[in-house]
Structure formats: C-alpha cells, structure tokens
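Take a moment to look over the chain below. Then we'll walk through its charged pairs, its surface and its overall build.

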Amino acid sequence: MKEVREEDIEKILKVLENFSETETSRMKIGVSEEKEEGTVDRQYHHGRCDVGSPWAKGAWFDVLE
C-alpha cells in the first residue's frame, strides 16, 4: 500500500474547500496517472442520477426485453 503524504491530504482538502464554495451539487473524483497534476474535467449532467451510471449513459440494465 502506498504511503499517504501530508502534502497530498492538504491538496485534497483544498479541492473540497474550493468545491464547497461553488453552486455545484455533486462531485465525482477519479485518480489518473495519465492526466497532468491539478487538471480538472467538468461534465454537465441532466437529472439527478449518478454521472457515469448505466442509466445516465443510456445503457439500462433493468429493462425487460
């Protein structure tokens, strides 16, 4: 297991503090080794279902055929 640095905890707290000052109601966090540190992607989502869920993507899993 990778050791957590105090600096990383401070960065996460800053992200959360900044987010709480916006009018956005939901946040989904993903960690990637491929993105440059500090980059943010925003995605507009219609409705209240989870961003990225099968329902939001139109891939319903509970519909009778």
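Predicted model: local features only at pLDDT ≥ 70, side-chain atom pairs only at ≥ 80, totals over all residues.

Let's start with one pair in it. The side chains of Lys11 and Glu37 form a salt bridge, with 2.3 Å from N to O. That pair ties together distant parts of the chain: Lys11 belongs to helix α1, Glu37 lies in the segment after α1, and 26 residues separate them.

How open to the surroundings are these two, buried or exposed? Lys11 counts as partly exposed because its relative accessibility is 35%, a value between the 20% and 50% cut-offs. Glu37 has 64% relative accessibility, so this residue counts as exposed.

## The other salt bridges

Why would such side chains team up at all? Side chains of opposite charge can pair when their charged atoms come close. How many salt bridges does the chain have? The count comes to four.

Among them is the bridge between the side chains of Asp8 and Arg5, at 3.1 Å from N to O. Asp8 is partly exposed because its relative accessibility is 26%. Arg5 is also partly exposed, with a relative accessible area of 45%.

Another bridge joins the side chains of Asp41 and Lys35, and here the N to O distance is 3.0 Å. With a relative accessible area of 58%, Asp41 is exposed. Lys35, at 41% relative accessibility, counts as partly exposed.

## Patches on the surface

Which residues make the negative surface patch? Glu6, Glu10, Glu17 and Glu21 form it. Look for Glu6 in helix α1. Glu6 counts as exposed because its relative accessibility is 55%, and the cut-off for that word is over 50%.

There's a nonpolar patch to find as well. Val4, Ile9, Ile12, Leu13, Val15, Leu16, Met27, Ile29 and Val31 make it, and the patch covers about 850 Å² of surface. Let's zoom in on one of these residues. Leu16 sits in helix α1, which runs over residues 6–20. With a relative accessibility of 40%, Leu16 counts as partly exposed. That value clears the patch cut-off of over 30% relative accessible area.

## Stepping back to the whole chain

Now zoom out. How many helices and strands does the chain have? The secondary structure comes to one helix and zero strands.

What share of the residues is buried? Buried residues make up 3% of the 65 in the chain, where buried means under 20% relative accessible area. The chain exposes about 7000 Å² in total, and carbon and sulfur atoms supply 53% of that area.

Definitions and conventions: Residues numbered from 1 in each chain as written. Heavy atoms only, no water. Patch = residues over 30% accessible without salt bridge, like charges linked within 9 Å, V, L, I, M, F, W, Y side chains within 5 Å. Areas by Shrake-Rupley, 256 points an atom, 1.4 Å probe, with all protein chains shown as cover. Helix = DSSP H or I, 4+ residues; strand = E, 2+ residues; numbered from the N terminus. Buried < 20%, exposed > 50% of the residue type's maximum accessible area, 1.4 Å probe, protein only. Lys, Arg positive; Asp, Glu negative; His and termini not counted. Charge placed at Lys NZ, Arg CZ, Asp CG, Glu CD.
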